[in-house]
Amino acid sequence: MNTLPTTALELRSLVQADGTLQLSLESVPVPTPGADQVLIQMQAAPINPSDIGLLLGPADLSTVEVTGSPDRPVATARIPEPAMLRLAPRIGESMPVGNEGAGLVVAAGSSPAAQALLGRTVAAIGGAMYSQYRLMPAAQCLPLPADTTAAEGASCFVNPLTSLGMVETMKREGHTALVHTAAASNLGQMLNKVCQKDGIGLVNIVRRPEQAQLLRDLGAKYVCDSSAPGFLEDLTNALADTGATIAFDATGGPLAGQILQCMETAISRNAKEYSRYGSAVHKQVYLYGQLDPRPVEIHRNFGMAWSVGGWLLFPFLHKIGNEAAQVLRARVASELKTTFASHYARTVSLAGALSAENIAFYGARNTGAKVLIDPSI
Ligand SMILES: NC(=O)c1ccc[n+]([C@@H]2O[C@H](COP(=O)([O-])OP(=O)(O)OC[C@H]3O[C@@H](n4cnc5c(N)ncnc54)[C@H](OP(=O)(O)O)[C@@H]3O)[C@@H](O)[C@H]2O)c1
């Protein structure tokens, strides 16, 4: 095995007091693993919307400027003044980025568990994955099967476990079918495959006709396009057909309220008698993403049996406990190249991730525009 360098690059995001976001590659020491740790040479890490939230924050992407050298670019952008108030706790703190990724274990501590991973390609989650080297506890690494590349295993935690977590939440809370928004996303495509395989009713909401087509081509039965004139009626019909009473909304804005309203209308179609309090069937919307920055809009015309709340993967996994979480992880591992396969529009180096063109590309968070960083190139 080659001698390891003493320092390596790590992508950092810094919010400065003058309202500037700065992205740079910082030189950091390459750590030596402790007994139960391994050092991963990172080879693949996806840029997911939650990473973009930390990486770019609310910066105005029309103001991006790149200086520095080709190997060590520095990208800056202006942060609108009102947004700076919310960012007070991170001003001056240079933050590493990248929730999950995969790479080759190039050094390992003395424990048998760590030694067993030496030379293996592993996936890991835990932040700071946009780095050339990442130290991890051996117990937290997922060794990938021999025929699986780092790129194929790089996204095996966040989106796969979230799609399974949605179905699990649906079952545990007594619902039998679900609604998903921004549904042509990478995660949405996985959820379609899970629901088709498991025979679960799924109502997909998208915002463009081409996304509706993409999902129909994947075999989706219910796809409602919020840009179509008959959207609310289509949605109500799909909800009546499936009986979906729980929704996972990645957007914000008016959708949560519209979904609750259409659920109530669908339920009332079969009601035998009128109640001034609305139907007694509980309707749930979980806001699990913030793709649409507008405030969530709710006009209460759907009775009293409803709630809107937040949903986040890690508290969910904690709540169901290690044994149940392990069942979900095992399913992901066995269907990594099928149900949970992720697709990337481009692979870029750490420096490439800071080019103005690439920032504009992944910053738009569009369907099929997911970018993979390979810190080893
Ligand atoms: N809470 C959690 O624990 C958790 C875990 C995992 C993922 N998530 C969330 O899941 C969502 C999907 O993640 P992903 O990695 O699968 O995304 P992705 O593949 O990058 O796709 C993003 C999707 O969002 C759509 N979109 C972007 N801006 C939108 C807007 N303003 N209104 C409606 N749709 C919009 C895009 O459609 P267009 O082509 O129309 O732009 C695209 O289909 C994200 O919001 C992410 O933060 C949450």
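Q: Which atom of the ligand does a backbone N or O atom of Leu-313 lie 2.8 Å from?
A: An oxygen atom. Keep in mind that this is a predicted model.

Q: Where else does the backbone come in, say at Leu-187?
A: A polar backbone atom of Leu-187 sits 2.8 Å from an oxygen atom of the ligand.

Q: And what about the side chain of Asn-366?
A: One of the polar side-chain atoms of Asn-366 is 2.6 Å from a ligand oxygen.

Q: How much of the ligand does the protein bury?
A: 90%. The ligand taken alone exposes 940 Å².

Q: How many residues surround the ligand, and which are the closest?
A: There are 26. The closest are Arg-207, Gln-211, Asn-366, Thr-367 and Lys-370.

Q: What's the shell made of by class?
A: 11 residues are nonpolar, 10 are polar and five are charged.

Q: Which helix gives the largest share of that shell?
A: That's α5, with three residues. Both α5 (158-172) and α6 (186-198) supply at least two residues each.

Q: Switching to domains. What does the assignment give for the chain?
A: Domain 1 covers 7-155 + 342-373, and domain 2 covers 162-317.

Q: How many residues of each are in the contact?
A: Eight from domain 1 and nine from domain 2.

Q: How far apart are the centres?
A: 32 Å, taken over C-alpha atoms.

Q: What area do the two domains bury between them?
A: About 600 Å², with 56% of it on carbon and sulfur atoms.

Q: Which residues of domain 1 lose the most area there?
A: Ile-125, Ser-342 and Thr-367. Together they make up 52% of what the domain 1 side buries. Thr-367 is also among the closest residues to the ligand.

Note on methods:
Residues are numbered from 1 along each chain as its sequence is written. This is a predicted model: local features need pLDDT of at least 70, side-chain atom pairs count only at pLDDT 80 or more; totals for chains, interfaces and linings use all residues. Side-chain values use heavy atoms; hydrogens and water are left out. A residue is near a molecule or strand if one of its heavy atoms lies within 4 Å of it. A polar contact is a pair of N or O atoms within 3.5 Å; within protein, one must be able to donate a hydrogen and the other to accept it, and residues adjacent in sequence count only if both atoms are side-chain atoms. Accessible areas come from the Shrake-Rupley method with a 1.4 Å probe; for residues, only the protein chains shown count as cover. Helices (H or I, at least four residues) and strands (E, at least two) are DSSP runs, numbered from the N terminus. Ala, Val, Leu, Ile, Met, Phe, Trp, Tyr, Cys and Pro count as nonpolar, Asp, Glu, Lys and Arg as charged, and the others, Gly among them, as polar. Domain bounds come from an automatic or database domain assignment. Contact means heavy atoms within 4.5 Å. Buried area is the accessible area (1.4 Å probe) that two parts lose on being put together, summed over both.
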